[in-house]
Amino acid sequence: MKKFLLSALLSAPLWVLGQGFQVNLQGQKQIGMAGAGSALALDEASVFYNPGAVTFLEKNSVSAGVNPLLFKSAFKQTGSNVTEDVKNKIAPPFEFYAVWGPKSNKWKLGLGVYTPFGGLVDWGDNWSGKYALTSLNLKAIYFQPTLSIKITDRIGIGAGFVYNHGDVNLQRAIPVNFPDGRSAKATLDGTGTGYGWNAGLYIKTLSNISFALVHKSKVITKLDGGSAEFEVPKSLEGSFPAGNTFNAELPLPATTSLGIGIPLSKSTVLAFDASWVQWHIYQDLSFDYATNTPALVDTKSARNYRDGSSFKLGINHQASEKLALRAGVGYAFSPVQDGYVTPEAPDADRYILSAGIGYTPTRHFEVNASFFFEDVKSRKQKNIETGLDGTFKTLVYAPGISLTYKW
Amino acid sequence: MKRYILNSFVAAIILFAAACKPEIETPAGTTAGQANFSKYIAVGNSLTSGYADGGLYLEGQKVAYPNLIAAKMATVGGGAFTSAFFSEEHSNGSGYISLTALVNGTPTLTPVVDKLAIRDAAKHLDKYNGEIQNLGIPGMRVDLAFDPTLTFSAANPYFERLLPDAQVGKTNYFQFIQGRNHTFFSLWLGNNDVLGYALNGAVTVSTDPTTALTDKVTFSSLYANFLNVLTAAGQKGIVGTIPDVTAIPYFNTVTVAALLNAAKAINPAAAAIYIQTGTGAVRPATAEDLIRLPFQSEGIFGKPNGSGIPYGLHPLNPIENKWVLDKDEVIKLKDYVNSYNSSIKSLATSKGLAIADTYAYFNQVKTGINVQGVGINASFITGGAFSLDGVHLTPRGNAVIANVFIDAINAKYGSTVPNIDITQYRGVKFPN
């Protein structure tokens, strides 16, 4: 007689992607300097930081590095006396670079494989925000072949094509209950691809102060035919059909950076980078399910991101022929406006501190290590869409190491 | 060797990070403010007792809003909180209804009849002898709390089970709640003074006082008596306003439009649903007329009478008055609720008490709210807040309302009783 509208079950939109997913870990030397260094031709990581500087690298090289990252986030519901922590899970941002060009020629080729965006957050299946999110595992791997050319002895330009391979796995509890009282669950899992570019200009003035202007384009990553699985009581299976798929779009923003490198002495150089991260492209997030039911409708959620920015200052000191020491500080402004903070990336303005060390035992080999720390400010928020109301506080720890072979 | 180094490296990171957890400082759970929660008593009706799904049973008793509040008061000096729980062996108490099938959106509701706490053929319930602080009794009303005949204490099985045999039929609820040496109280009573009448289709049965509509002035003076005894020793406390009874799923699930659609599916010529109003008039029903939930399972809709006229579809065989709150009755009920609530608020204000405005809160629930990622609304079964009887709350509904009380207590007395994590409490159980 009476049809019950099950759409109420999913009145809150399913997933909320985006924001503080930028991972600033693309080269051990630069990480040790808080991520500054676009205006320095330091090493092969310039493929990422500034393709225009690649041609000024003295040697050909390959390097590989990893930065096991711990994202330690805590949440306390407004009015609650219980603090909940994410599980200790280690995300593996990595980077691989190769740079080659005929000696004393005007051009070099480069290849970079790195992870500029990602997130690994697991709050557990029974935390107080489980109906907003239980876990997220997001990886974006960029492949970037690059060409860098010296226009003059002091000016270089470079550009690379970017192919992104993205993986996303999102899980959330649904507020309907099995006979034993436990909640239903949704899992979205998909793979996507996107394309973009990375171009840079490097200028070394007569005073040896260097400048950089770099633009990394946005990469709209399309997830097609991802699996949408719902673990629900049998009586609701008609509303959440098995074998369903979804399409979605994940817009990864463009970044424009201005860099300055200032040599303080023969062995010491200061680097400053200002970056403008154009998150404004992230206005909404839509999920389009292959099979819709009254309970499972396509969603379009407002995100309303503004642009983010960061300011980073680093120093590199060559203590001896074999040993280099580095340190850096930074500050980043969050793109997430009040009311849009979510548990998958509980973003806020953040401080950055870093330190690094480099060791060159032989002419060919180099080892670099870094430690990167972010203190994301405490932020009390009530999400407009889900009603999740509480305070987030996050600390990020990322030690890292890389090996380089040069010739 | 490489693996060993790698593992040590990972282990070192985890140890390091475990030691460097982010901290969030908040005042929750640090002070009772001007209140003293050492002995809290809860005065009320079925909502206070934890009644749900058309019955009183152990699972519901454990998540009754006063029990949830008391557990949180414990962090700021609250003492033990005792309730007349049914035993594990008789955990299904009075029995209740469960959802056993949901086919194309049509629910099948089945009574649970095992593990009952019925002690005799007259359907009396297992007695409870210990001291109790959850004093909620299903069916209790402000007027009947002062029952001068003292017979309600025998007639109401939920009251009867709490009394020693010697007191059955010899006391009333107003006497029952006194002398308990409380330091803090909650009073959420009065719903049944209008709901009993509404649930009977706005028909008062002269032999059944639970179907009466309590006079407004009487309500106010009796409510004042409650507050006088509960604050006699200067105790602090909280009162709850009465939700709009016409907004609950019981009156908003079987709609006139749904009935008409069902009729049209069989006979496309069906043009209107006919009802008999409270004045005895017969007219086509409109969206402003509310049909009671049990009409759905009664199986009389469309049945031809002796003259072959289908029930509810013809002026000569309308839906009887007892199944319907017609729009004039709805207006009358809303008026009574508003009157009771203004009495409750002004009396509580004059005593300096906290007020949990559940009337205002349920009006928000009716349009739908999102709380901590959970969408809650007043829909039957899927709304999450109301249990299968369409009147009483699910565990999730209890948790949400408990927070309304806690917020009002904290605001009034400067206490920091922690909020309840509502995501730990279920809505309706769906069959697997």
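## Close-up views of a predicted two-chain model

The model is predicted, and local features need pLDDT of at least 70, side-chain atom pairs count only at pLDDT 80 or more, and totals for chains, interfaces and linings use all residues. Residues are numbered from 1 along each chain as its sequence is written, while chains are lettered from A and ligands numbered from 1 in the order in which they are written. The model scores ipTM 0.86 and pTM 0.90.

**View 1. The side of chain B that touches chain A**. Between the two chains, 50 residues of chain B are in contact with 50 residues of chain A, contact being assigned to two residues if their C-beta atoms, placed from the backbone, lie within 7 Å. Two or more residues on this side of chain B come from each of helix H1 (2-19), strand E2 (96-103), helix H10 (256-266), strand E11 (369-371) and strand E12 (374-376) of chain B, where helices (H or I, at least four residues) and strands (E, at least two) are DSSP runs numbered from the N terminus. H1(B) provides the largest share, five residues. By residue class, this side of chain B divides into 23 nonpolar, 22 polar and five charged residues; Ala, Val, Leu, Ile, Met, Phe, Trp, Tyr, Cys and Pro count as nonpolar, Asp, Glu, Lys and Arg as charged, and the others, Gly among them, as polar.

**View 2. The open four-stranded sheet of chain B**. The strands follow the order E1-E4-E5-E10 with parallel pairing, two strands being paired if DSSP finds at least two bridges between them. Strand E1 (40-44) and strand E10 (354-356) of chain B stand at the edges with a single partner strand each, so one side of each is left without a neighbour in the sheet. From one strand to the next, the twist averages 20°. Strand E5 (residues 236-240) of chain B pairs with E10(B) in the parallel sense over three bridges, and B:Gly240 stands opposite B:Ala356 in E10(B). H14(B) packs on the sheet, touching strand E4 (184-188), E5 and E10 of chain B, and its direction makes about 160° with that of E10(B); axes are lines fitted to C-alpha atoms, for helices over the stretch in contact, and angles run from 0 to 180 degrees between N-to-C directions.

**View 3. Helix H14 of chain B**. The 19 residues of this helix (residues 395-413) should span 27 Å at 1.5 Å a residue, and its end C-alpha atoms are 27 Å apart, which agrees; the expected span is 1.5 Å times one less than the number of residues. Of its 19 residues, 16 are buried, a residue being buried if 20 or more other C-beta atoms lie within 10 Å of its own, exposed if 12 or fewer, and partly exposed in between, with C-beta atoms placed from the backbone. B:Gly414, whose phi is positive, near 65°, follows H14(B).

**View 4. Antiparallel strands of chain A**. Strand E6 (residues 107-122) and strand E7 (residues 135-150) of chain A pair in the antiparallel sense over 14 bridges, with A:Leu147 in E7(A) as the bridge partner of A:Leu109. E7(A) also pairs in the antiparallel sense with strand E8 (residues 155-177) of chain A over 14 bridges, and a hairpin joins E7(A) to E8(A) through four residues.
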